[in-house]
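Let's take a walk through this protein chain, from the overall build down to a few single residues.

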Amino acid sequence: MRRKPLFAALALVGFLVCGLSLLAAETTPEGWKETERREYTRNDLYGYIDGGAEIFLEYGFQKLTLIRYGLGKEELNVELYRMDNPEGALGIYLAKAGRETPLADFPTRNSGDRYQIMAVKGSTFALFNNPEGKEPLFPALISLATEALSSIPDEKGRDLFAELLPPGFLADTARLFRGPLGLQPIITLGDGDILLQKGTILGVLADYAGPEKEEIQTLAVVSYPSAQEAKKAFDNLIANLDSYLKKEIQSEDSLTFKDFSGKFGTLSLSGSRLLLRFNISKI
């Protein structure tokens, strides 16, 4: 449906003030009706995501708008997670999507199937759910997703992968992390906020083809506001390194360690950046 210019301007203002603009009833697929709308903040997200809210909070969650739609006995639902910036939205999207399976002709970056579509646009991470995966409902799910995303401003974030990673990384392995929960699926370095990211300092990681046949190495880079903060994080990691990582060679600004599988890793300082390489067969 084509919106008049004044309506579009007011909708944008409403989004900026309230976080997420409302989806007008007339934009829903024919026959479908909104049956429920709820909002969750940082204080009550646990009431909706039992046991899984922590990683959303680590990536900068601000507000969730949940909208359920019904047609007879059928149900579809939309989850719009407003994060504090586009980098946080992309971070949680990559963490949840893993290896992407994008749908053709979809309006934004996405990964999905007939059961669920994950998407990211600006500072919003979105889930569009067809709980039983019924094929006849998939066109309506696509319609709801397209309309919801059209009302979200396309804020541009920093391309941290281009800024922090050298060329040659495997694109489908690239991840953003803002703390231990985002990093733990890849490697556990120690307890708590071991890299002193404080839920605000972003890190990136990706895989690279190693020098040995079929070897895949991982590089993680965290960029701190200053060299002093990077050194503080380095010292904290050295002092509290997980017990399964054995220190091999250590200097003032670097460390080589070995993990339980016999693979090596290195930690080094470069100005205000901390670089971590691991899954190395030999040094």
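How many helices and strands does the secondary structure of the protein chain come to? The count is seven helices and 13 strands, where helices (H or I, at least four residues) and strands (E, at least two) are DSSP runs numbered from the N terminus. Before going on, keep in mind that this is a predicted model, in which local features need pLDDT of at least 70, side-chain atom pairs count only at pLDDT 80 or more, and totals for chains, interfaces and linings use all residues. Residues are numbered from 1 along each chain as its sequence is written, and side-chain values use heavy atoms, with hydrogens and water left out.

The stretch to treat with care is residues 1-26, where pLDDT stays under 50. The model does give that stretch 33 contacts beyond four places in sequence, a contact being heavy atoms within 4.5 Å. Where pLDDT is low, though, the predicted coordinates should not be read in detail.

Now the overall build. Along the principal axes, the C-alpha atoms fill a box of roughly 65 × 40 × 35 Å. Of the 283 residues, 48% are buried (buried is under 20% relative accessible area, exposed over 50%, partly exposed in between, with a 1.4 Å probe and protein chains only). Among contacts between residues at least 6 apart in sequence, 56% join residues at least 24 apart.

Next, look for the largest pocket, which has a volume of about 420 Å³. Of the 20 residues lining this pocket, Pro 86, Leu 90, Arg 109, Val 120 and Gly 157 are the closest to its centre. Helix H3 (86-97), strand E5 (116-121) and helix H5 (160-164) each give two or more residues to the lining, and H3 has the largest share, with four. By type, the lining divides into nine nonpolar, three polar and eight charged residues. (Here Ala, Val, Leu, Ile, Met, Phe, Trp, Tyr, Cys and Pro count as nonpolar, Asp, Glu, Lys and Arg as charged, and the others, Gly among them, as polar.)

Pro 86 is worth a click. This residue is found in helix H3 and is buried, because its relative accessible area is 15%. Leaving aside neighbours within four places in sequence, Pro 86 is in contact with Gly 122, Ser 123, Glu 155, Lys 156 and Gly 157.

Finally, go to the loop between helix H6 (180-183) and strand E8 (203-209), where you'll find Leu 196. Lys 198 sits in the loop between H6 and E8 too. Most residues other than glycine have a negative phi. Leu 196, however, has a positive phi of about 55 degrees, and phi of Lys 198 is near 55 degrees, also positive. Are these two residues exposed or partly exposed? Leu 196 counts as partly exposed because its relative accessibility is 23%, while Lys 198, at 60%, counts as exposed.

Key: pLDDT = per-residue confidence, 0-100. 1 Å grid on protein atoms, 1.4 Å probe; cavity = no way out; pocket = protein on both sides within 12 Å on 5 of 7 lines; lining within 4 Å. Points joined across faces, edges and corners; volume = space filled by probe spheres on them.
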